[in-house]
Amino acid sequence: MKFLNNMTLGQYVPVDSQIHSLDPRSKIIATIVCLTGVFLVREPYGFLSWGLFFVLIVSVSRLPGSLIISSSRPVWILIAFTSVIHLFFTKGVPVFSWGILEITREGLDMAVRMGLRLLMLVLFAGFLTLTTSPTELADGLESLFSPLKRFGFPAHELAMMMTIALRFIPTLLNETERIMKAQIARGADLDRGGPLRRLRAFIPVLVPLFVIVFQRADDLATAMEARNYTGGEGRTRMYPLRWSVTDSGVLMLTLLFAIAVSLLEKRLMP
Amino acid sequence: MSITVRDLVHVYHPGTPLETKALNGVEFEAEKGKWVAVVGHTGSGKSTLAQHLNGLLLPSSGSVSIDGITIGPGEKSLRAVRQKVGLVFQYPEQQLFEETVFQEVAFGPKNWGFTPEEIKNEVEKSLAQVGIGPELFGANPFRLSGGQKRRVAIASVLSSRPDYLVLDEPTAGLDSSGKKQLLSLLVDLKSLGKGIVHVTHDMDLALGLADMVFVLDDGKSLLWGPPELILWELLERDIRGLVIPPLVRFAGRLRDLGFEVPLTWDPIRLAEAISGSRRK
Ligand SMILES: Nc1ncnc2c1ncn2[C@@H]1O[C@H](COP(=O)(O)OP(=O)(O)OP(=O)(O)O)[C@@H](O)[C@H]1O
Ligand SMILES: [Mg+2]
C-alpha cells in the first residue's frame, strides 16, 4: 500500500530562493502569462523553448527536479488519458488500424501536442504553488481582485476561503493517511479489485473523514468568531505586500519571452 | 514467540527537502504475556516504531519480525502480521464508520475471513471484554459517549484475535475513571497471554504497569530495562521528555530528610513504609 505521504500535488515547499521571495502578485501574473503562452504553442520549437524556460526557473528556485516530477505524478494518468482519447478519436489520414480502432496521423499529432501542453500547464501551475505559501497566494489574489470590490465582488471573502481551503489540504491529507492506516490495520483491503469494489472499500475511510472535517470546520469557525473575525472591513495586515523592481523585471521578462516565442512560432509556421 | 526489531532505520520522504530520519538503528523486543512501555520525548519516533510492528510502515533498513515472520514488502506476510498484531491508534474512536456497534466490531474479523460463527463469537467476546453490554450491540456508534466509543474502537481491534496489542497513547483524552477501566482491561489482556506494547507520555503508567520500559531518544534506543532500572537512570540524569513521577520525588525528599523509605511510585507501599519508619 502506497500512502499519500509521498508529497502531494503542488504543496508549498519553503526554500530560500529568489523565486520564493518574489511578490505573490508578480508570480500570479507571470504564471498566467506562461499558461497563456503554453496554451498557444503549436510547434516543437515552441514546446522546446517553454521547456527550457521551465528548467531555468526551476533551477533558480533551487527545488530539486525529482520533487517537481513527483509532485506532478498524480495528474499523469489524466494527461495520458487525454492523449489516448485524442489518439483514437481524431479523424484524418490513417496510419494504422486494428479492428474498429484507427490511428490517424492527425490523431498522433494531437495526442503529442495535447499531452505536452497539459503537462506544461500542470507544471507551471504547480510551480506557483510549490514556491508560494497559501497565505501569500491568497493575499496576492485579494490584492489583484480588490479593484472589483467597488462592484460588490467579495475579494476578501474569496481570498479568505482560499487560504483556509489551502491551509486545510495538508491537514486533510494527514487525517486521510491516519484513517487509512487505522483501517488497514483492521484488515481493510483498499487497493484491490475493480473501480466499484475500490469505491466501496473506501467507505471506511470516507465516513470518518467527513466526521472529522465537519468537526474541524466547526472548531475553526468558532475559533475565528471568538477572536472577533467579522470579515475584511477594517482588518489590518501583518506583512503588507511589497512590489519591488525585481518583480517588475521578472514580469517584463516573462511577458517578452512569451511574446517572442509566439511571434517566432508564427513566422516559422509554413 | 516475540516481536523482534533489529537495527531499524526509517526515513520519511527520502530524497526530498522534507526528508526526516525518524528512527535510527532501533533495537526493540516485545513478548507474549508481557507489557512493554515505550516512552520518549515528542518526535522521538514512538508512533513511527509502533507502525512498524504490524507492517504499516516498512523499514528503510534493518528488520522487524513477528513470531518468526520477517516483515517485507510481500502482501502475504503483511496480512498475516497485521492480524497477529493489533494496532490501536491515538483517538481510535475517530475510525468508527459502521451503522451499528456490532458491525463495527465485526469489520476486522470479516476482513480476515473468519467464519460467521467465529465472527459472532469474537464480536461478543471482545465487546464483553471492554464492558459493552448486549443492549448496545445495535446502537449507532456515533451516538455513544466518548469513553464508550473508545471502548468499541478497542473491541474492534481485539475481535481480530491478535496475539499482540500495540496502543499509541490509548488513554489520551479520557477522564480518570475511563483511564482506569482501560488500564485494567490491558492488565486482563496481558494475563490472557497477549503481548502489550504501550506508547505513552505518562511515566507513572509506564513505571507502574510495565514489565519492561523502552526509552527512545531522537530515533535511537536510549534505555531498555525493568521499571526500577529506568527510575534509577532517571534520578541520575535528565532524560529528554521524561519526568520523575511526583510520588518518587516525594519519597526522595523524605529520604533526604532522614526517613528510611524506599524510592517507589507505588502510593500504598510508600504509605506503609512511612508509617513503619515512624513507629520505629
Ligand atoms: N507522515 C510523516 N511524514 C513526515 N515526517 C513524519 C511523519 N510522521 C512523523 N514524522 C516525523 O518523524 C519524527 C518522529 O515522529 P513520531 O510521530 O514517530 O514521534 P512520536 O514520538 O510519536 O511523537 P509524539 O510524542 O509527538 O506523538 C518526527 O520528527 C516527525 O516530524
Ligand atoms: Mg506519536
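A contact here means heavy atoms within 4.5 Å. Among contacts in chain A between residues at least 6 apart in sequence, 74% join residues at least 24 apart. The structure is a predicted model, in which local features need pLDDT of at least 70 and side-chain atom pairs count only at pLDDT 80 or more, while totals for chains, interfaces and linings use all residues. Residues are numbered from 1 along each chain as its sequence is written, chains are lettered from A and ligands numbered from 1 in the order in which they are written, and side-chain values use heavy atoms, with hydrogens and water left out.

**Chain A**

Helices (H or I, at least four residues) and strands (E, at least two) are DSSP runs, numbered from the N terminus. On that basis chain A has 10 helices and two strands, in the sequence pattern α-α-α-α-β-β-α-α-α-α-α-α. Taken along the principal axes, the C-alpha atoms of chain A fill a box of roughly 65 × 60 × 40 Å. Chain A exposes about 16,400 Å², of which carbon and sulfur atoms supply 69%; accessible areas come from the Shrake-Rupley method with a 1.4 Å probe, and for residues only the protein chains shown count as cover.

A residue is buried under 20% relative accessible area, exposed over 50% and partly exposed in between (1.4 Å probe, protein chains only). Of the 270 residues of chain A, 38% count as buried. In helix α3 of chain A (residues 65–72), the buried residues are A:L67, A:I68, A:S70, A:S71 and A:S72. These buried residues of α3(A) pack against α2 (44–61), α4 (76–89) and α5 (105–131) of chain A.

**The sheet of chain B**

Strands of a sheet pair through backbone hydrogen bonds, either parallel or antiparallel. Two strands are taken as paired if DSSP finds at least two bridges between them. Chain B holds an open sheet of four strands in the order β2-β1-β4-β5, with antiparallel pairing. β2 and β5 (69–70) of chain B stand at the edges with a single partner strand each, so one side of each has no neighbour in the sheet.

The pairs are listed below.

| Strand pair | Bridges | Residues opposite each other |
|---|---|---|
| β1(B) and β2(B) | nine bridges | B:V11 and B:K21 |
| β1(B) and β4(B) | five bridges | B:I3 and B:I66 |
| β4(B) and β5(B) | two bridges | B:I66 and B:I69 |

Strand β1 of chain B (residues 2–12) is mostly covered, with eight of its 11 residues buried.

**Packing between the chains**

In helix α3 of chain B (residues 101–111), the buried residues are B:V101, B:E104, B:V105, B:A106, B:F107, B:G108 and B:P109. Their cover comes from both chains and includes α7 and α9 (203–226) of chain A, together with α4 (116–129) and α5 (146–158) of chain B. After α3(B) comes B:G113, which has a positive phi, near 80°.

B:N54 lies in the loop between α1 and β4 (61–66) of chain B. B:N54 counts as buried because its relative accessibility is 0%. Leaving out residues up to four places away in sequence, B:N54 touches A:A185 in chain A, and B:I71, B:V81, B:R82, B:V85 and B:L87 in chain B.

**Pockets**

Rolling a probe the size of a water molecule over the atoms shows where empty space is left. On a 1 Å grid over the protein atoms alone, a cavity is a set of points where a 1.4 Å probe fits but cannot get out, whereas a pocket is an open set with protein on both sides within 12 Å along at least five of seven lines; lining residues have an atom within 4 Å of a point. Grid points are joined across faces, edges and corners, and a volume is the space filled by probe spheres set on the points.

The largest pocket has a volume of about 910 Å³. Its lining has 31 residues, with A:T135, A:D139, A:R235, A:R237 and A:M238 nearest the centre. Both α6 (134–145) and α7 (155–185) of chain A supply at least two residues of this lining, and α7(A) gives the most, with eight residues. By class, the lining of the largest pocket divides into 12 nonpolar, eight polar and 11 charged residues. Ala, Val, Leu, Ile, Met, Phe, Trp, Tyr, Cys and Pro count as nonpolar, Asp, Glu, Lys and Arg as charged, and the others, Gly among them, as polar.

The second largest pocket holds about 780 Å³ of space. It is lined by 30 residues, of which B:Y12, B:S47, B:T48, B:Q51 and B:D168 lie nearest its centre. Two or more lining residues come from each of α7 of chain A and β2 (20–31) and α1 (46–52) of chain B. Here too α7(A) gives the most, with six residues. The lining of the second largest pocket has six nonpolar, 14 polar and 10 charged residues.
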